Amino acid sequence: MTVAQAVVEFLGRQYTVDTAGGSGSGTVYRERLIPGMFGIFGHGNVAGVGQALKQYQVSDPALMPYYQGRNEQAQVHQAVGYARHTRRRATYAVSTSIGPGSTNLLTGAALATTNRLPVLLLPSDTFASRAADPVLQQLERPEAYDVSVNDAFRPLSRYFDRVSRPEQLFSALLNGLRVLTDPAETGAVTISLPQDVQAEALDVPEEFLAERDWRIRRPEPEAEDIRAAAEAIRAARRPLIVAGGGVLYAFAQDELAAFTEATGIPVGNTQAGVGVLPWDSSHSLGAIGSTGTTAANAIAAEADLIIGIGTRYEDFTTASRTAFQNPDVRFININVAAIDAYKQGTSLPIVADARKALVKLTEVLGGYRAGADLEQAVSRAKSSWDSIVDAAFDERHTPLPSQNEIIGAANRAMDPQDVVICAAGSLPGDLHKMWRVRDPWGYHVEYAYSCMGYEIPGGLGVKRAAIAEAQRGGQERDVVVMVGDGSYLMMHTELVTAVAEGIKLIVVLIQNHGYASIGALSEMLGSQRFGTRYRTLDKDRHTFDDGPTLPIDLATNAESLGARVIRIAPGASVIADLEVAIKDAKSGTEGSGPVVIHVESDPLLDAPSSESWWDVPVSEVSELESTQDAYQTYTHHKSRQKPFLG
């Protein structure tokens with residue numbers, strides 16, 4: 001068989017095996033690791049992987065289903081969305097042609113690796129034999145002729161290999177899938193396939209093509225680490241848990257709930273950790289950090305012990321290392337990845353599965369409970385923040401609503417098990433602090449890479465996973481993408497993919513005629529919303545800041561791609577109309593295709609403040625008074641940064 005045929009048949013027979021998150025003791029989960037493959041077929045993969053997929057489509061259609069996409073980067077985003085919703089148990093493979101087809105994957109690779117999410121990338125490469133040299137789209141470097149554009153994947157991938165000879169395929173695939181299924185190492189796995197090698201024949205051992213199980217390893221914590229952590233917790237006066245995505249990937253939400261109920265220790269969550277507890281849990285402080293709640297940030301400021309569980313301590317989580325102001329603060333970090341367990345200079349790292357560590361800690365801490373003064377402080381802070389969000393959701397600005405009102409309307413209109421999707425702009429921060437999550441799978445915001453354009457393809461990936469979940473007898477979930485006009489314009493073409501497959505995806509498109517998030521950031525840093533408005537060019541002053549609003553109609557654009565569109569007219573009833581529109585879109589049957597709900601907002605109406613900070617440098621010298629004022633504020637916040645060596 002050819003190398004490409006071997007790739008396709010091998011991938012079609014790989015399975016993930018896991019015992020976490022089962023319905024009962026000893027429950028074993030087994031699912032296809034690679035349930036399908038995306039691809040756009042040009043020179044490079046048309047006669048290789050493309051031919052192989054077509055051949056198996058004829059002879060064995062279930063072996064490796066093929067899915068179309070309109071952009072290679074978007075195909076990676078679909079795979080990432082699927083991987084996150086399946087808790088890293090399954091993902092898609094993506095095949096590309098050489099040159100721009102391959103480099104279109106780079107942003108997706110960076111996003112996957114940054115988020116610690118698995119995706120298998122199979123970019124084609126130029127001729128290994130150099131029989132035709134140089135070929136169309138080949139990069140030539142006179143000092144290193146063996147370098148191709150695919151070498152750009154090396155720093156972006158958790159595993160990179162190039163199959164320059166057919167017999168190298170076996171070790172490349174086995175090592176690649178080893179990394180793909182390792183929760184401590186996972187990310188983008190890139191296997192570069194030269195276009196001539198893909199079409200070459202080789203003898204493939206039958207055992208290589210047999211079904212193979214990849215068990216997700218969930219390491220136990222060491223007893224000494226648990227003992228030391230328990231001692232530190234007992235000695236603390238104001239402990240606080242910072243829960244990240246690792247809690248969800250370990251299926252540890254129930255164990256976290258049991259731990260907080262037993263100990264009274266409150267929980268703040270990162271962006272990836274939204275859903276670890278329901279929003280109204282008495283121990284849930286909600287979001288923490290730069291886009292956090294005032295409740296979580298007030299408790300964090302005084303905490304003397306931070307118990308990080310499954311968090312990578314992104315700067316938004318630590319408010320650029322200003323969130324934890326107690327001079328004696330210490331850190332216990334529980335993480336399956338050592339790089340994250342050792343962060344903040346902790347002397348108490350626990351390299352282990354989050355669920356198993358929480359079970360052990362709960363046992364060892366039997367009888368321990370945090371002080372009543374801490375529980376009272378949590379209750380007061382939480383009640384105060386809930387009132388702030390209530391007021392923000394109940395605003396009724398006219399004729400254009402605030403983003404707060406739009407978020408509130410979507411939150412009310414969606415069912416508890418539905419999933420909200422977002423990635424970039426001001427929406428992720430506002431959702432993080434205000435979204436009232438009711439289900440562990442109900443919130444999906446890509447914020448490790450905060451990639452504009454992720455929303456629609458990422459939402460498609462989540463919806464694919466939700467459909468598969470329902471087919472296995474699980475929850476039926478609607479997926480609602482919330483996206484601003486700036487992010488929509490970057491990668492809206494995957495609506496065509498949803499139309500082609502009849503995928504019921506609901507998109508709430510918020511039109512505010514510019515970049516709301518970086519506009520607010522620019523203003524805060526003294527740059528006066530420079531370059532963030534969608535306006536016609538004033539050629540005399542060469543500025544886009546003051547001209548007429550661009551005459552674009554994104555609702556008609558979505559219609560032209562085949563989506564059903566609901567237009568919400570500005571006015572006093574806009575929020576009520578939006579809720580009705582979301583419920584209308586939800587009432588459609590699976591297979592009915594995407595629905596885009598177009599609503600305009602006022603980008604100058606801010607969300608409630610987190611009373612926190614994010615470190616983005618301000619010019620030390622400037623002729624602009626606005627920048628001079630911003631620098632004074634910046635130096636004040638910088639004085640509060642701490643190294644957190646605890």
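## Pockets, salt bridges and a sheet

The lining of the largest pocket is made up of 19 nonpolar, 17 polar and 9 charged residues. Here Ala, Val, Leu, Ile, Met, Phe, Trp, Tyr, Cys and Pro are nonpolar, Asp, Glu, Lys and Arg are charged, and the others, Gly among them, are polar. This is a predicted model, in which local features need pLDDT of at least 70 and side-chain atom pairs pLDDT 80 or more, while totals for chains, interfaces and linings use all residues. Residues are numbered from 1 along each chain as its sequence is written, and side-chain values use heavy atoms, without hydrogens or water.

The largest pocket holds about 1,200 Å³ of space. (A pocket is an open set of points on a 1 Å grid where a 1.4 Å probe fits, with protein on both sides within 12 Å along at least five of seven lines; lining residues have an atom within 4 Å of a point.) Of its 45 lining residues, G425, S426, S517, A520 and L521 lie nearest the centre. Helix 16 (427-434), helix 18 (485-490) and helix 20 (516-524) each give two or more residues to this lining. Helix 20 provides the largest share, 7 residues. (Helices are DSSP runs of H or I with at least four residues, strands runs of E with at least two.)

The second largest pocket has a volume of about 410 Å³. It is lined by 20 residues, and Y29, R89, F251, W441 and R472 are the closest to its centre. By class, this lining has 5 nonpolar, 9 polar and 6 charged residues.

**Salt bridges.** The model has 39 salt bridges, each a side-chain nitrogen of Lys or Arg within 4 Å of a carboxyl oxygen of Asp or Glu. Here are some of them:

| Pair | Closest N to O distance |
|---|---|
| K638 and D615 | 3.2 Å |

K638 is partly exposed at 33% relative accessibility (between 20%, under which a residue is buried, and 50%, over which it is exposed; 1.4 Å probe, protein chains only). R165, at 49%, is partly exposed, as is E167 at 41%. Elsewhere, a network of salt bridges links D415, D418, D478, K504 and K586.

Six strands form an open sheet in the order 12-11-10-13-14-15, with parallel pairing (two strands pair if DSSP finds at least two bridges between them). Its edges are strand 12 (284-287) and strand 15 (348-351). Strand 14 (330-335) runs parallel to strand 15, joined by 4 bridges, and N335 stands opposite V351 in strand 15.

How values were computed
Points joined across faces, edges and corners; volume = space filled by probe spheres on them.
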